[in-house]
Amino acid sequence: MAISGSSSLSFPQNSSHFLASHSSPLSHSHPISFLFFQTPPPPPKSIHYHPPRALREWQEYEEAVKKKDLATALRFLISIEKDNRDNPIEENGSLSTRSARSQLGDLNFLSGSVRDWEVLDTCLNADDMRLVGTAYEFLKVKGLLPNFGRFSSIVLEGTRDVTPSVLKSSTGLEASKLSPKKWGLSGSSSVVLAGFLGGVSYLLQQGIDIRPQLAIILGLAFTDSTLLGGTCLAQISSYWPPYRRRILVHEAGHLLVAYLMGCPIRGVILDPIVAMQMGIQGQAGTQFWDEKMNSEMAEGQLSGSTFDRYCMVLFAGIAAEALVYGEAEGGENDENLFRSICVLLQPPLSVAQMSNQARWSVLQSYNLLKWHRRAHQAALKAMESGGSLSVVIRKIEEVMSSSR
């Protein structure tokens with residue numbers, strides 16, 4: 001399921017993913033004899049230097065990364081890892097191999113780690129989410145993603161019955177502070193709405209009739225809302241720095257919790273127009289995938305632990321806003337998707353059960369983000385500076401590894 005916009009999620013045809021894982025010694029020399037009558041040894045074989053295959057193919061890999069071709073990039077990394085396992089560097093071996101590997105090392109090709117990370121940047125255009133999962137698993141096996149899925153099987157302590165009073169005692173916030181706000185009813189949007197209405201009233205008092213222009217504006221807004229999912233309004237709003245930073249805080253929350261829970265992230269789309277071009281209407285957001293949920297839903301069953309993990313990732317954006325700002329404004333699409341999933345369950349959750357599950361999920365995500373506040377801040381800064389997905393995740397790993 002893909003979270004888009006303020007983080008709405010959609011199901012791809014082939015999978016369910018959210019808005020929602022690869023050296024060269026000298027050859028033996030011939031013995032030298034000091035007996036003149038000994039048959040001289042055969043002349044040493046000439047060493048032919050062949051341009052290393054990896055040099056050319058790493059260039060092909062970089063081209064695949066630029067084109068966001070996940071299949072080609074991942075296939076190359078797996079082949080390199082297989083070659084390294086099949087042909088390890090020994091203490092004694094071929095001079096030509098050592099020379100080639102040495103030159104590759106000088107060019108920073110063999111270290112591979114930085115370039116290995118870049119395969120994550122190709123995930124955004126992948127149609128097969130299972131391939132995205134394979135990329136994360138490959139990097140995890142290589143030891144580059146030690147914290148990916150670190151909390152996937154952990155059930156956080158505490159009561160399952162999270163009343164508003166329990167939520168307040170745990171977070172210090174009223175339940176209303178952890179609910180998405182309707183546009184125009186709270187926060188900065190209410191100030192904008194009041195200013196707009198005041199401006200219209202003033203112009204009318206001055207004898208300036210702007211009702212025709214206002215009708216056109218409202219008509220365009222209605223068209224944008226119904227046909228484009230609010231893309232145009234979201235695009236305009238994204239240029240306002242405070243609004244854009246709140247979006248980044250929200251999406252960094254989704255990204256970090258999804259990562260810690262072991263849900264491969266396909267990408268973060270912050271441009272509503274790009275999201276629309278990819279078939280995601282409305283605001284941009286984070287796309288991630290839960291393989292277990294995908295398989296369970298295909299079988300017509302959904303376990304409690306899988307549903308809990310899904311809800312935690314889904315409400316992580318709201319939790320992140322509450323942690324940073326003391327209240328959440330975005331996340332209405334997240335709540336709508338949550339309700340749509342709840343009514344599909346058998347038996348469907350009641351209104352009271354849905355409310356309790358939502359509060360429980362927000363509380364767990366809030367605590368997880370609070371415990372890893374530095375990782376959330378690192379992800380936020382990387383996203384603010386325009387870092388790609390690989391950069392964001394690398395910053396998360398650097399912070400979490402240094403805090404151990």
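Visitor: How many aromatic pairs does the count come to?

Guide: The model is a predicted one. Rings of Phe, Tyr and Trp pair if their centres lie within 6.5 Å. By this rule, the number of aromatic pairs is six.

Visitor: Is the pair of Tyr136 and Phe148 stacked, edge-to-face or tilted?

Guide: A pair of aromatic rings is described by the distance of the centres and the angle of the planes. Planes under 30 degrees apart count as stacked and those over 60 as edge-to-face. The centres of the Tyr136 and Phe148 rings are 5.1 Å apart and their planes stand at 35°, so the pair is tilted.

Visitor: Which parts does the pair of Tyr136 and Phe148 tie together?

Guide: Tyr136 and Phe148 are both buried. Because Tyr136 belongs to helix α5 and Phe148 to the loop between α5 and α6, the pair joins parts that are twelve residues apart in sequence. The parts asked for are therefore helix α5 and the loop between α5 and α6.

Visitor: What distance does helix α5 reach from its first C-alpha to its last?

Guide: Helix α5 covers residues 129-141 and has 13 residues. At 1.5 Å a residue, 18 Å is expected. The reach in the model is close to this value, at 19 Å.

Visitor: Which side chain reaches the backbone nitrogen of Arg130 at the start of α5?

Guide: The contact is made through a side-chain oxygen, which comes to within 3.0 Å of that backbone nitrogen. A polar contact requires a pair of N or O atoms within 3.5 Å. The side chain is that of Asp128.

Visitor: Is Gln357 buried or exposed?

Guide: Gln357 is found in helix α16, residues 351-371. Its side chain makes a polar contact of 3.1 Å with the side chain of Asp308. Buried means under 20% relative accessible area. Because Gln357 has a relative accessibility of 8%, the residue counts as buried.

How values were computed. Residues numbered from 1 in each chain as written. Predicted model: local features only at pLDDT ≥ 70, side-chain atom pairs only at ≥ 80, totals over all residues. Heavy atoms only, no water. Helix = DSSP H or I, 4+ residues; strand = E, 2+ residues; numbered from the N terminus. Buried < 20%, exposed > 50% of the residue type's maximum accessible area, 1.4 Å probe, protein only. Polar contact = N/O pair within 3.5 Å; in protein donor to acceptor, adjacent residues only side chain to side chain. Expected span 1.5 Å × (residues − 1).
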